[in-house]
Structure formats: structure tokens, C-alpha cells
Amino acid sequence: MFSMRFQLLPQACLLLLTCFVAWAVGSSGSSAPAGERAADFFSRHDSGSGHTNNWAVLVCASRYWFNYRHMANALGMYRTVKRLGIPDSNIILMLADDVACNARNKFAGSVYAEAGRHLDLYGNNIEVDYRGYEVTVENFIRLLTGRVDPSMPRSKRLLTDDHSNIFVYMTGHGGNEFLKFQDQEEISAFDIADAFEQMWQKKRYNEILFMIDTCQANTMYSQIYSPNILATGSSQIEENSYSYENDNDIGVSVIDSYTHYVLKFMEGINKTSQAFMQDLFDSYDPVKIYSHPGIRSDLFRRPLDKTLITDFFGGIAQAEAFPLQDIVGSSNHHENDPTPPTSQKPDTPSVPVVLSPTVVSLPRLTGETHAWDNRWKEVRKWTSIFVVGCLVSWVSFVR
């Protein structure tokens, strides 16, 4: 009997040692500052961009049946960014929308981007924000710069901030430093450059990917001078942008070559893909595209082989943690400010409040945090004493 009890002694000592190690590990893990633990949590999937929300502005600047392929270009990009996680609330689609229900469309209510017609890009699940004659240069510039009428619904506004990455895609007929809007007006490379600069000055973006598919497309980003902008186009100066294929039943070209191969590459990308922008640019083949796509990255601060494609094409669920002193300081400021936050001067025009889609994680106040840590330490201490006491009593008993 004594020998059996003696044999149980090592197991009891091992159990006691295990409990002690577990207590020590728990103590060391909880001793890390809360700020460091929060920063580690929020930086797990950080790609270095610093953005917390993604937006897409997709513009088809053409109208009329014979420009079917331009509608398909924009709708193909629309399908891609939605598939990769950008919600409709963060997508602005500008489309003439005169193709799906055109009298010459043999497949009413549908738009296809390939001759085999395997995938309907129109269907019942699209939201066109600017339709028909709303697709104008003025509306496009006002959308980017935020200078819209107060009566404009939120669904037609670009509600971005300085933590927003924006994908801007344009397609249509163009030339050297201009793009036509519905054969009635033109937007120039200078207009786009100035609009981007206004966005930068007003802190309306973190980074922009500007992509354009038109003749002499690369000239449209030649005048951009604002920081954190990556640009690419389908064709160089004095070069046309060609269609990819025709559909004999539809009777017109159904998509452009450049956009076709971009969308083909994007079909291999999912929401968690680790593919980079350099991979997309390396896929450009002038022989297949029939033109020479261009890339401008001198204004972009990150290396292309470290910039994820999903930083622009994908959705993001990112939280933003603010330092505790900033929150306390902001709270004290509002408490000491005698002016109510909603008060305005009589002559000040009403400005709609724009709420960022950023999810904010607020740490506990200092007193509450310390109280909780102290209670948790007391629980750990007395639990450890209780376990050790039980083990000692049991060992004494078996002896």
C-alpha cells in the first residue's frame, strides 16, 4: 500500500508543476499593455496601406447601342469588385443603361461580355447610381470632390475620408488627354488631375487606383500630380484601344481587349488572395491586347510587389483603435466647450454630416481597466493558492 502511494507522488508533483507553469504563463500574457495587444490584433492583416475602407467609382462614358462593349466593360468591373467584397453602398456606378432594354438587343434585359453568353452581367442584382443623361462631366467632378447638392441622396455620394482606398475605372471613346462623355462633352486629363488634387486637399482618400480603357488612354493620367495615386491605362499615345470579340447574335463587339484580360486575371483572385498589383501588371501582354498598356507609379508610395490587389478591388473589415489619451482629451474638450456641437452660425450653410464606415474600437477608461485587472489578479492568486493547498493535502493523505 505504501509503495502504491509512493508511486502516485511523481504524478502529484507533475500536476502541481503544470498548474504553476499555467499560472506563470497566464500572468506574463496578461502583463502586456492593452495598447500593444490591441495594436497586434488590428495589424494582423495590415498590408501597409493604412486604409480602413474601400470604394469603387465605375464610369461608362458612352451611350448608344454600338457602344455595347463599353457598358460590358463597366459592368464586368462592377461584378468583380462586388464579388471581392465591396458592397453596393461603396460602389458608384455611372452608366447610360440604354443597352439591356434596347430594341435591338436580342437578349432583352441582359448584357454579356463574351460571345458564348455564359454570364449575364446585368441580371437583377445591379444598382446604377447615375443613369442616362446623369452621366456628365459635372456630376463626375462633383462626385469626386464632394461638391454635391444637399438634396443628393447618400447612395449617390462618395462618402470617403483619409482612410479610404478608391478604385476609379473609366471607359469610353477618347483621344490625346481627353475622354468623351456620351458624344456631347469631354473631360480632360487636367480636369481629372485637378479633381484628384481637390480630393487630396480635402482628405477624401488614402490611395487611388486610376484605371482607364480608351484610345490613347495613358495620356489621361499624364497630368496627375497628387500623392498616393497609382494609374494604369490600355494604350499609349497615338494608339487605339481595340475590342476583343464580336457576338454574331448580338451584332456588335461585346468587350474591349484590355478590360477582358484584366477581368480574366481577376477571376483568379478571391477575397483572401495574396496577389499583388505587380502580378496584375506583369500579366499585360501587348500582343494579345493589341496595344501597349501603361503604368504610372511615381506618385505611389508603396512598392507594387507589396501592394495587394485587394487593397483596391476587395472589401475590408478593419477596425481603427484610437490611443486612450486622444479619447480622454477629446472628451475633456467637449466637456469644457460651452458651445453645443450642433450649433452653427446663422449665416453658415448647412453641411450634411458624413459618417465614416470605419468601425471604431474604444478602450475602457483608465479607472475601469485598473479595477478589472486588479480583480482578475486576485481571482488568479486565490485560485492558485486553493489548487496548491488541495494538492498538498492530497499528497499528505496518500502518504
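Ile 212 has Gly 233 of β9 as its bridge partner. This pairing belongs to a predicted model. Five bridges in total join β8 to β9, and the two strands run parallel. β8 covers residues 207-213 and β9 covers residues 229-233. Gly 233 also stands opposite Gly 294 in β12. That strand, residues 294-296, pairs with β9 in the antiparallel sense over three bridges. Within this pairing, Thr 232 has Ile 295 of β12 as its bridge partner.

β9 is mostly covered. Five of its five residues are buried. Ile 229, Ala 231 and Gly 233 point one way from the strand. Leu 230 and Thr 232 point the other way. Residues on both sides of β9 are buried.

In general, strands of a sheet pair through backbone hydrogen bonds, either parallel or antiparallel. The sheet that holds β9 is open and has seven strands. Their order is β3-β2-β1-β4-β8-β9-β12, and the pairing is mixed. β3 (130-131) and β12 stand at the edges. Each has a single partner strand, so one side of each is left without a neighbour in the sheet.

The UniProt record, an unreviewed entry, places the feature "active site" at His 173 and Cys 215.

Cys 215 lies in the loop between β8 and β9. Its relative accessible area is 18%, under the 20% cut-off, so Cys 215 counts as buried. Beyond residues up to four places away in sequence, Cys 215 touches Gly 174, Gly 175, Ser 235, Glu 239, Asn 240 and Ser 241.

His 173 sits in another loop, between β4 (164-171) and β5 (174-175). His 173 is partly exposed, with a relative accessible area of 24%. With neighbours within four places in sequence set aside, His 173 is in contact with Ser 62, Asn 67, Arg 69, His 70, Leu 179, Lys 180 and Thr 214. One of these residues, Asn 67, also makes a polar contact with His 173, side chain to side chain, at 2.6 Å.

The largest nonpolar core has 52 residues. Leu 58, Tyr 68, Met 77, Phe 167, Met 211 and Phe 313 touch the most other members. Helix α3 (residues 68-83) supplies the largest share of this core, eight residues. Phe 313 touches Met 77, Val 81, Leu 84, Ile 86, Phe 167, Leu 209, Met 211 and Met 266, with residues up to four places away in sequence left out. Another core, of 40 residues, lies apart from the largest one. Met 94, Tyr 130, Ile 187 and Tyr 205 are among its members.

Of its 399 residues, 44% count as buried. The chain exposes about 21,200 Å², and carbon and sulfur atoms supply 57% of that area. Among contacts between residues at least 6 apart in sequence, 75% join residues at least 24 apart.

How values were computed. Residues are numbered from 1 along each chain as its sequence is written. This is a predicted model: local features need pLDDT of at least 70, side-chain atom pairs count only at pLDDT 80 or more; totals for chains, interfaces and linings use all residues. Side-chain values use heavy atoms; hydrogens and water are left out. UniProt positions are given in the numbering used here, feature names are shortened, and annotations may be inferred rather than shown by experiment. Helices (H or I, at least four residues) and strands (E, at least two) are DSSP runs, numbered from the N terminus. Buried means under 20% relative accessible area, exposed over 50%, partly exposed in between (1.4 Å probe, protein chains only). Contact means heavy atoms within 4.5 Å. A polar contact is a pair of N or O atoms within 3.5 Å; within protein, one must be able to donate a hydrogen and the other to accept it, and residues adjacent in sequence count only if both atoms are side-chain atoms. Accessible areas come from the Shrake-Rupley method with a 1.4 Å probe; for residues, only the protein chains shown count as cover. Two strands pair if DSSP finds at least two bridges between them. A nonpolar core is a set of buried Ala, Val, Leu, Ile, Met, Phe, Trp, Tyr and Cys residues joined through side-chain atoms within 4.5 Å.
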